[in-house]
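Please consider the following sequence and structure together.

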Amino acid sequence: MAKGLNWIFNEYEFDNRVNNLAWTVSGKYDEEIDSAEKDYSSKDASMYYAIIAGARRKYVDWETVKKFLVNRIKSGYNKDILLTIIQIVLNDVAEKKVIEERPGVVDIRNKAYSDILKSYSKIHKEDILQLLKYTYVLQQMDRHPVMDRLVRKILREINSIDSNDDIMNILKRVDEIYLTYFQHILDSQSENVEFAEENVKDVEVNFDTFSDFMLEELYNDQETQTVETEIKNLNSGMLVDSIGEERADIDLESTPNRVIYVDEEMLNKIYKRVEYYYGQSYLSESDRRKMEARHCRNVHEGCRLHFTDGVLRSHCENVFQLKYVTRQKDNNIFEFQFKIKTFRRQINKLKESFSRLLIEESSSDRVYSDCGTIYANKAWRIGRSSNNKVFYKDVDNGKGRYVIDILLDSSGSQTSKQFMVAIQAYILSAALTLVGIPNRVMGFLSFLDYTILKRFRDYNDNVRKCEDIFEYYCAGNNRDGLAIKATCDGLLERDEENKILIVLSDGKPNDVKIGKDTSRSIRGETAYKGVVGINDTAMEVRKARKRGIMVLGVFTGKETDLEAEKKIYGKDFIYIKDIQRFSDIVSTYLKKVIRN
């Protein structure tokens, strides 16, 4: 796989190649491909992502799809089931139509799916939705998997849809499939309903009433925003994403390393693109190189660091990126304003709670003794009483001042909940700022071999600067160990006695690696994922704690990844199933730290 990507980087600049391929397919030259729609795992996966991204833009009327989804979800359809059917059907439509024009896409698609399927050690075949996607993909690759009758029937229905039909008729078929094969979930109060053939019902959708979802009054802005996020997730993911458990072991002989080797000239071109996509660095070149020399060692050797305030608050010539981040910020602010009274109450509640606690902990006790500061009212005892404790000392109960870093995973795995993460980080940071606790909020992600650390607010910024947290958006990979390592530098430079680092992530470090051709034979790099990524992140957490930093891991991933999170953070981690409780749960932890 690394060999294949070397071909891309030596012949073309990767992003331009992907954009040009998507533009050629779609015919829409004014749209840039989002970073979440690009893939670095193999040459064929990269090309297929670009082709499908262009085909979706050309052949799918997403506005109509959005209205359909808003209406159906509002009326009680199971969102996960409906989105899975939509994803398979629209992928099938886009793929069939683009293959009609470009038959060579078949070979690229098969190689892309084959590359990605190799990365899984186990497929979640017990999940009917994942099984549907997995079986569909194998079927498209001209393989003949064994499947039960229910899966066969559903796929037969999907395959029978005419890709050249009007989008309204295609969505009508989606409706029929949902109601025929999955309606029994809505009819049952149990969450553990079995998907069985005997539950299948015969239904008929009346087209006259079906098209009612096109009426504008049936959906509102809030629901539209939610569905837009879901549609973006559909657009930026292949069907085989998240259908199983990724391999934890790395066999260097049979599995590609995801280490990309490039020549010096291409390496310099890549580095120049970082500021184009993420904004100018606020560190000087010499300071950045010192940090890289200190932190980019061992498994991070050859990696780079980029500290930025983002494209909106630093110099950036990328017009598309400026528009994209502005739109993401507006979306996050919209979600905040939709429930602004509730969120304001949360901020005030946390502020008052922190204020009371800090006042209690900063109180002092007066102790009388036979030395210290003389207490005038007891001076008469001298020479007249055996009690010679006429002096006093004020004993400070305070444990010192506090400083807090909040580090947010900004990789593509957080996309579906990015506005919730932004809001909760804002609530917590605003409350801490209002009570005078210095705090810094940063996001981290990876772009090729760069770990991007985006600073939303610094320690001594005023409360208005907290609004910059709404610039939070997700894309790319995540190199957790290096991000934690680099973030700790700022904490250790602070004078406060109590230093706290809060890391929000999904517990799955995963990153690509770039290396120079000249060092290929010297450095035996392995992919930063699975055991390698987990062990490195765990080591950096333990190093930080040895240096006096209290580290809390906030886990937002799947239960299947809990063991990895425990290994990384030990006992000091919190599993949050509902990200909207992030600020409350973290504040409880902080109160416990301050009291103890």
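## Confidence of the model

This structure is a predicted model. The protein chain has an average pLDDT of 76, and 69% of the residues score at least 70. Among the elements of the chain, strand β10 (residues 450–457) has the highest mean pLDDT, 94, whereas helix α1 (residues 2–11) has the lowest, 42.

In residues 188–193 the pLDDT is below 50; beyond near neighbours in sequence, this stretch has 2 contacts in the model. Residues 216–220 also have a pLDDT below 50, with 7 contacts beyond near neighbours in sequence.

## Packing of α18 with α19

Helix α18 (residues 480–492) packs with helix α19 (residues 530–546) at an angle of about 20 degrees, and their axes are 8 Å apart. The two helices are therefore roughly parallel. Their crossing is left-handed.

On the α18 side, the contact is formed by D480, G481, L482, I484, K485 and C488; α19 contributes D536, T537, E540, V541 and A544. By class, this contact comprises 5 nonpolar, 2 polar and 4 charged residues.

## Packing of α19 with α20

Helix α19 also packs with helix α20 (residues 562–569), at an angle of about 35 degrees and with the axes 7 Å apart.

From α19, the residues in this contact are I534, N535, T537, A538, V541, R542 and R545; from α20, they are A564, K567, I568 and Y569. The contact of α19 with α20 divides into 6 nonpolar, 2 polar and 3 charged residues.

Notes:
Residues numbered from 1 in each chain as written. Predicted model: local features only at pLDDT ≥ 70, side-chain atom pairs only at ≥ 80, totals over all residues. Heavy atoms only, no water. pLDDT = per-residue confidence, 0-100. Helix = DSSP H or I, 4+ residues; strand = E, 2+ residues; numbered from the N terminus. Contact = heavy atoms within 4.5 Å. Axes fitted to C-alpha atoms, helices over the stretch in contact; angles between N-to-C directions. Parallel < 35°, antiparallel > 145°, perpendicular 65-115°, else oblique. Left-handed = near helix turned anticlockwise from the far one by under 90°. Nonpolar A, V, L, I, M, F, W, Y, C, P; charged D, E, K, R; others polar.
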